[in-house]
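Look at the structure first, then read on.

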Amino acid sequence: MKNSFGLSGSHMKKKLFRSFLLPACLFSQIGFCQTCSDPQATAETKALYKNLYQLIGKNILFGHQDDPCYGVGWKYENGRSDIREVTGQYPAVFGFDLGRTELGQAYNLDSVPFEKTREYIREAYERGAVITLSWHLNNPLTGGTAWDNKPGAVASILPGGPKNALYNSWLARVADFLNSLKGKKGESIPVILRLFHELNGGWFWWGKNQCSPDEMIRLWRYTIHYFRVEKNIHNLLYAFNTDKFESGAEYLERYPGDPYIDIIGFDIYQANNLKENSAFAKFLGHDLDLIDSIAAAHQKIPALTEFGYNGVPDSSWWTKVFFPVISSHNIVYALAWRNAGKKQNGYAEYYVPYPGAASASDFKAMSLTGKVLFETGIKSKNLYK
Ligand code: BMA
């Protein structure tokens, strides 16, 4: 029966209930609002968000970029993982990079075949792990790499710009890849998409000296709208992440808004002016304090989206420097950068230990704290249910 509002009794109740609850995502402060930014997100994506949200302040999932692809002294050997060889467990978060998908190439910028990436993503998902993708996309204006930071590229790909059609074609290729990520029942595998990372730095073409805050915000919204509306992709959580930063105002200067973002993160390395343990720990703590409060104010999930101390030369760095700082904050995951080993340019890079490395036993000790979770710790959490 319809009432004077033209609604049946039960419909009316639902409407009133919703209009009461929605503005009061206000209730979120006491834990009610655990919905991701995309109202049309798939069931598994919504579940992932909710379950990660519930980990805030409790656990930190340990992640590693390109973990199953290669490690120090090996490449593409089935089942291998430096983290697993040190701790007995795979990481809880797997990071991969989409750079060069936009060009239709078979390999990414670090020579990882996309076929392999797809396979590793499926395997990680079946194990209950979280997947996050970064995208070091080429400069659409110059054809150079992501580090070709001449200004003007962001403006050129916005609607009306000379490279807008090219950018759309790049997004379409990324969309094809994202659409190809399917679980055993044909469901889309949820992915944390980490776009335009380190945007407060000046080294990428999307950096702070290369475009205005308004241009960057428009690019974020345009890109997310393209995936959601043009391509109907709803298996994504979006991570907003700067490099290390000084203040909340700096952090939020290019933030596209709550309807677009799920994860609030930043990247930080123990290098350059943060080479000393004490300097690094202090800055990490400072930024994590800010991230905790920004994430709480915006009802988002805080994360350390990328970090590292190349070669980890200090044998007790994990338990004495890193763990004390992260464990007193709210981040739900921390992603260590890749174990490239010796690269073609002769420069060596690794951020988690391999068997025999100086910090291997200390890393294992951290994996046994119960606070930082790896493969076995997340199994029972059923993050996709
Ligand atoms: C950097 C280095 C590079 C790599 C790039 C993208 O930090 O590891 O060797 O090409 O990330 O993965």
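## The largest pocket

In this predicted model, 31 residues line the largest pocket. Those that lie nearest its centre are Trp147, Trp337, Arg338, Lys343 and Glu349. The volume of the largest pocket is about 910 Å³.

By residue class, the lining of the largest pocket holds 12 nonpolar, 7 polar and 12 charged residues. Strand 8, made of residues 263-269, gives the most to this lining, with 3 residues.

## Strand 8 and strand 9

Strand 8 also pairs with strand 9: the two run parallel and are joined by 7 bridges. In this pairing, isoleucine 268 stands opposite phenylalanine 307 of strand 9. Helix 9, residues 277-298, belongs with these two strands, and together strand 8, helix 9 and strand 9 form a right-handed β-α-β unit.

## Strand 9 and strand 10

Strand 9 pairs with strand 10 (residues 333-336) as well, in the parallel sense and over 2 bridges. Phenylalanine 307, which stands opposite isoleucine 268, also stands opposite alanine 336 in strand 10.

A right-handed β-α-β unit is found here too, made of strand 9, helix 10 and strand 10. Helix 10 spans residues 317-326.

Conventions:
Residues are numbered from 1 along each chain as its sequence is written. This is a predicted model: local features need pLDDT of at least 70, side-chain atom pairs count only at pLDDT 80 or more; totals for chains, interfaces and linings use all residues. Side-chain values use heavy atoms; hydrogens and water are left out. On a 1 Å grid over the protein atoms alone, a cavity is a set of points where a 1.4 Å probe fits but cannot get out, and a pocket is an open set with protein on both sides within 12 Å along at least five of seven lines; lining residues have an atom within 4 Å of a point. Grid points are joined across faces, edges and corners, and a volume is the space filled by probe spheres set on the points. Helices (H or I, at least four residues) and strands (E, at least two) are DSSP runs, numbered from the N terminus. Ala, Val, Leu, Ile, Met, Phe, Trp, Tyr, Cys and Pro count as nonpolar, Asp, Glu, Lys and Arg as charged, and the others, Gly among them, as polar. Two strands pair if DSSP finds at least two bridges between them. A crossover is right-handed if, with the strands pointing away from the viewer, the path from the first strand over the helix to the second runs clockwise.
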